[in-house]
Amino acid sequence: MTAGLVVVHTPAASAADVTTDLGITSGGDVVAGGGKAFIAGDDQLLVVNANGTRNAGVSLPGIQSLAITPDGTRLYVALRDSNEVAVIDTASLEIIRLVSLAEYPCPTNLALSGTRLFVGYGCDQWDGGVVRIDTSFGHGSRLTPVASTYASPKVAAAGNTLVVGDSGHSPASLTVYDVIRSQATLRGIINGHDYDTGFLGDLAITPDGSTVIATFLDSHEYFAWDTSSLQKVRAYDPDPTAGYYLPVVAVSPDGTLVAGGRGTKSGLGMTLYDTATAAPVRTGTLTEHGGRMDLRSLTFSNNDLFATWRDVDSEELHLWRLETGTLPESTLTLTAPSTGGGADILTLTGRLTMPDGSAPGEQPLSVTRHVEDGAEITREVTTAEDGTFTFTDRPRSAGVIRYDAVWNGSPTVRWSAASATVTLVKVASSITLSGPETGIVGTPLKFSGVLSMGGQPVGSTTRLRILREVTNSEGSVVTVLPSVTAIIFDGRFRFMDTPAEAGEYSYRVEFDGDRASLPTTATLDVTVEEAGQG
């Protein structure tokens, strides 16, 4: 996507655009990277694949703003309730570390520039501010206060420029800082009274830090200021007759495009502008929905846009992925066995092909496995130089299993996705049980066995039930012994029992079956005598 594109007016979202119901009613901050979109909402971090399918979720109470590194490997999450910033590995979704902000409570807004993370914080009036976290210090991240504000401020940072917008005042002013050294230096103030700006809405900055774009809650325009001269240089103007809720703004990674989004009573609108000229490049609407876009709910991913929007009737949040231009299409294939057993190890293959047939090189893919009960597991797969890939998976479940593979695309090639299904049936399981044929009262009896499922190894968490029946002159008594677990990956297990009386003992080991296999049992009989008999 370059600055000189022909203006295209699109009456509705293209067929390639994707809308996903997120199943939540609060939140909305969204960032994208590494083939996924990350959404903050309802005390959880939601993850959505490039093709719009839900991936996973992580419980994070008090989740607010998000920021992601350019390579998409690290995600920063503001946790308002615990006064922390969480650093998350986007591949594993594990929290790498937590940065305490006890002295800077209620972190709400984040902006990342290089190794510097700027946090806008504040719980109530007169206690807001900005603190900088130097992420290069690792677990010993250094915190440096930058500014004090009336309320928790909006922040935008790029290069050596930081812009702070106090959201608690109208007209709202923007404060610009140099952040070349360890201390932030005031560059100047863009005074809201000079431009009659109103309350601050959203805030974005170009990748080089030269221009800041802001929206205001009582204006249809997106204002742009030069961060050096602090002068207004242009305005990006949507249709003022459409009606709007909370206009939002984002800048493309290469700085050539500004995206302006707005929710209306009749639908959602999105306009792409040439950053330098403010000329519209493309417009798009999602007319079948009346909705609004919450603040911080718009982000670029290469040449596509992710936007979260709220239904005006149900208040439910949705994710809207829009293609911002026509890119040559890649092709992704995925092949799986058509049938198999629930305990089988499946081998899946596929290929990523570029539009011109050239080798794509090593490319990361996101593969999600879906089972019938809704459980999902996602893994990362890397293609070979020629675009082919192979991976194995053991679902341990019967039924129809679906695999979705997604390549997130590049700045010059459109993303692609492929799916494959396999129908698995429950397999027969068996238990072999070994132990003594005779025993002595008071002497431990030792037993061992092996559980197998369709001839495949058994996981170490499989539970087995053990029943002991003792028959003698006084009758028969059945006792449930402590259960055992298949203690080794190949299904082996062991247990012991010390007989307290003479008689005929029958030991029965039961496996109830699971999602992948059928139930089975095994029995072993032992004659126990008093010591000195025989």
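Reader: Which residues form a disulfide, and how far apart are their sulfur atoms?

Author: A disulfide is a covalent bond between the sulfur atoms of two cysteines. In this predicted model, Cys 106 and Cys 123 form one, with their sulfur atoms 1.8 Å apart. A search of the whole structure finds one disulfide.

Reader: Which parts does the pair tie together?

Author: Cys 106 sits in the loop between β10 (95-100) and β11 (107-113), and Cys 123 in the loop between β12 (116-121) and β13 (128-134), so the bond ties together parts that are 17 residues apart in sequence.

Reader: Why is the disulfide right-handed?

Author: Look at the torsion about the S-S bond: for Cys 106 and Cys 123 it is about 95°, so the disulfide is right-handed.

Reader: Is Cys 106 buried or exposed?

Author: Cys 106 counts as buried because its relative accessibility is 9%, and the cut-off for buried is under 20%. Cys 123, with a relative accessible area of 27%, is partly exposed.

Reader: What is phi near in Cys 106, and what in Arg 396?

Author: Most residues other than glycine have a negative phi, and most peptide bonds are trans. Cys 106 has a positive phi, near 60°. Arg 396 has a positive phi too, near 50°. Arg 396 is in the loop between β36 (388-393) and β37 (399-407), and is partly exposed at 29% relative accessible area.

Reader: Which peptide bond is cis?

Author: The bond from Ser 170 to Pro 171 is cis, with omega near -5°. Pro 171 belongs to the loop between β16 (161-165) and β17 (174-178).

Definitions and conventions:
Residues numbered from 1 in each chain as written. Predicted model: local features only at pLDDT ≥ 70, side-chain atom pairs only at ≥ 80, totals over all residues. Heavy atoms only, no water. Disulfide = S-S within 2.5 Å. Helix = DSSP H or I, 4+ residues; strand = E, 2+ residues; numbered from the N terminus. Buried < 20%, exposed > 50% of the residue type's maximum accessible area, 1.4 Å probe, protein only.
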